[in-house]
Structures are given as C-alpha cells and as structure tokens.
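Reader: I'd like to learn how to read a model like this one, feature by feature. Can we put it on screen and go through it together?

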Amino acid sequence: MMGARGDLIVHTAVLLPRHYTDEQWFEHERNTLFATSWIFVGMAGDVARPDDYFRVELAGLDVIVQNCDGQLRAFVNSCSHRHARIHEELRGNRRLVCPYHGWSYDGEGRPAGIPHRENFPEVCARPGDFALRQLELQTVGLFIFVRTAGDGAPLRTYLSQAWGFLERVSASLDAVLDDFSGTLASNWKIAIENALEGYHVPLIHRSTLGAINQFSAQREDIVDHLPDDNGHSWMINAANAEWLRRWQRFEQAIGSWPFKFDHYVHQLVFPNLTVTSFLGYSFHIQRFQPDAVNRTTVHSRIYAARCSNQSAEGNRILRRIYEENREFTHRVFAEDQRACKLTYLGALQARRPAVLAQHLEKRIAHFQLAYLSVLPDAAPAGSGSS
Ligand code: FES
Ligand SMILES: [Fe+2]
C-alpha cells in the first residue's frame, strides 16, 4: 500500500527483491538514475592546485575530475586519438597528456599538442570536434557533483534544501581526520536504506552506537524531514539533555566552530551521498559507489570543523574525541557491512517486497518513492503508483 510522498503510508516496500539483485536491472539504473541525476564525486580540496586530478567511476564511465588552471572540469578518461586512458592512477597531479602517443589537451579538452601534427590536418583545423567528452560539473561549497547525461535542472535546483546545508558544511570543514574506503557485499540501495533507519541499532550496533547515550531516545526528539518533491531527506535527533550539559562544561576550552547545533543530523543527498554530524564539531561524508549489483564501495571521510578560540587543553580534548571517533566509526562500518551482506543474501531468496515500519523506516519509503519517480518502470504492476 502506498500514497504520495506527503502522506507516506507505505507499509510494503515499493521496490521488489529483484531491484536489489538483478544484474540487468542494475545496468538499467546505472544508465538512467546515475546518468541523469547530479552525483557527488568528491571534494574540491582534492583538486585544489592546477593539474590536480582524481578518477571516479560514474554511470559506467571512467571519469576524470581535473583542475584546469583553476577551473574544475570533468572528462571521460579516453583519448581522442586511439582511446587510451589519459590518467592511469586514481589521483595525482599531471596535465591532460595521453601516455600513449603524447597528445595533450587544453582546459576544454581540445587537442592542443599533437606530435607529428602534420599527420592530422583535420584535427588541427577543427580541434573542437575532437575534444575529450566533457561532462557537466557543478559545485556547492567544496562538494563536486557531475552529471553524465540529460539536460535537467541545475545543481542548485536539484539539491533544493540540501544546497544550503552543504554550503554551511563546506564553510566549516578543516583537516581530514579519517579517509577510508570499504567494500560491502551488497547492493548500494540496501546500504543506503540501512543508513536511513536507526531501527537496527540495538541489535547490529549493540556494542557501539547502542551503548552510548549521546542521543535522546524520546520519539518526539527524532524528527524526519521528507520533502515532497525530491529524494533528499534528513533526520534530526536531539542530543541527550544530560549528555549535553556535561559536554557544555568543556565547550569553553574547545572554543567555537562555524556550524554549531545541539543535535545529530543525518542528511541523504539522493541518491548516494550521506553527510552526518553530531553538534557540528566534525562531519562524516560517505559516498556509496555501486560497483556491481552485489558490491558497493563506501568512500568515507571524516573532517574536523574549524575551531576558533581553542585552548591547549581544548585541543587535547578534541584530539582524543576525534581519535575515539575514528576507531568507533570503523567498528560501526564493520557492523553495517554484516547487516548489508545478510540483507543482500536474503533478498536473493525473497519473493515478496520487504515490509517497512510506519515511523521508524519512513525515510526508506521516501527514498524508494524518489527512486520510483526517476525509474517509474520499477513500480510493481497494479500498485497504482506512477
Ligand atoms: S591514444 Fe592517446 S595519444 Fe594516441
Ligand atoms: Fe548501522
């Protein structure tokens, strides 16, 4: 049963088991959802200097994000001459020069230097016709997004409310505290759905998240925000009042940071980016990269917030918190790894759609309805959805 996004009454998941397990469906969603949506690919700090670049897989394409004399550009990693890869490493600092015969490219991807150029009169006469395939790239703050196909809305419209949030987060970020990639033996949507509910915390995370008392457990202190017109949802969980009082005692020493709040926030930027923070003193950014129908790589990064008026003691306190945070985050990840794998293996056997908790799993229903609006052919026959 389902309704419009504004009056979510979904009890049965609208996606079927095969949408998580079928290889052909995986290809289809990659060529549609991941091609026509703005997809987060990385952070501007990684390509800050001219010629800095990184590679990322997007909608089946090997994509280069490159700093071309201060402008960020996205190109498909395939030389116009005989199609060799231009960059072989995942990241680095190198001009756009093909390692095979040495063609070099300008900031618009046009061939600019060609050894034995007299052999290529056509290319020299019309270099624009032989440019690298350039993809749309837009940024909000430090967050870089790329879209590989379609001529839909600009990033700002696409992100809607999430735009302002990512801007404020960007203005807060300081040093990278942790940077790791982990693989899940699961479909990417299972991983996202797992991130969208806290219902599994008492069992799966009983020795980590389940054992801490930072969060208020009162139902009314957990608020889901589920906009009607896009798939970006966020959840705010008030901090435990007593815990907050204790924290405030050393706040004086720690100083202040730009984006300060008194809760935990979990933001999904549809379809595959999450940004979370507790109080705003650090931010956890995760990109869920679909590698195969049953394999997802999670690129995870934790940033410290920029702090001012911090005492030496405050700095020590925060370093310790950050260190614990890092270790804690890795343990939580390993626990979610298990949950996602179990769910994928079970989904291979399932015949009926999953059942969703009315309140506790509302964000999953919201995610699925957003998914359905991009991929309407996922709707089960007779569901009445469109
Ligand atoms: S394939 Fe790139 S220069 Fe020849
Ligand atoms: Fe979890």
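Reader: How many of the eight residues of strand S3 (residues 61-68) are buried?

Author: Some ground rules first. This is a predicted model, so local features need pLDDT of at least 70 and side-chain atom pairs count only at pLDDT 80 or more, while totals for chains, interfaces and linings use all residues. Residues are numbered from 1 along each chain as its sequence is written, chains are lettered from A and ligands numbered from 1 in the order in which they are written, and side-chain values use heavy atoms, with hydrogens and water left out. Now the terms: buried means under 20% relative accessible area, exposed over 50%, and partly exposed in between, with a 1.4 Å probe and protein chains only. Helices (H or I, at least four residues) and strands (E, at least two) are DSSP runs, numbered from the N terminus. In S3, eight of the eight residues are buried, so the strand is largely enclosed by the rest of the structure.

Reader: Which residues of S3 are buried on one side and which on the other?

Author: The general idea is that side chains in a regular strand alternate between the two faces of the sheet. Here one side of S3 has Leu 61, Val 63, Val 65 and Asn 67, the other has Asp 62, Ile 64, Gln 66 and Cys 68, and all are buried.

Reader: In which sense do S2 and S3 pair, and over how many bridges?

Author: Strands of a sheet pair through backbone hydrogen bonds, either parallel or antiparallel. Two strands count as paired if DSSP finds at least two bridges between them. Strand S2 (residues 52-58) pairs with S3 in the antiparallel sense over six bridges, and Val 56 sits opposite Val 63. The two strands make a hairpin with two residues between them, where Ala 59 has a positive phi of about 50°. On to strand S4 (residues 71-76): it runs antiparallel to S3, joined by six bridges, with Gln 66 opposite Arg 73. That hairpin also has two residues between the strands, and Asp 69 takes a positive phi near 50°.

Reader: What is the order of the strands in the open sheet of seven strands?

Author: The order is S10-S16-S15-S14-S13-S12-S11, with antiparallel pairing. Strand S10 (173-184) and S11 stand at the edges with a single partner strand each, so one side of each is left without a neighbour in the sheet. Further in, ten of the eleven residues of S15 are buried, so S15 is largely enclosed by the rest of the structure. Strand S14 (residues 273-278) pairs antiparallel with S15 (residues 282-292) over four bridges, and Thr 276 has His 284 as its bridge partner. In the S14 and S15 hairpin, with three residues between the strands, Leu 279 takes a positive phi near 70°. Ten bridges join S15 to S16, again antiparallel, and a hairpin links them through two residues.

Reader: Which residues touch the most other members of the largest nonpolar core?

Author: Nonpolar side chains in soluble globular proteins tend to be buried together. A nonpolar core is a set of buried Ala, Val, Leu, Ile, Met, Phe, Trp, Tyr and Cys residues joined through side-chain atoms within 4.5 Å. Of the 77 residues in the largest one, Phe 143, Phe 145 and Leu 159 touch the most other members. A second, separate core of 19 residues includes Met 235 and Ile 254. Met 235 is found in strand S12, and at 16% relative accessibility it counts as buried.
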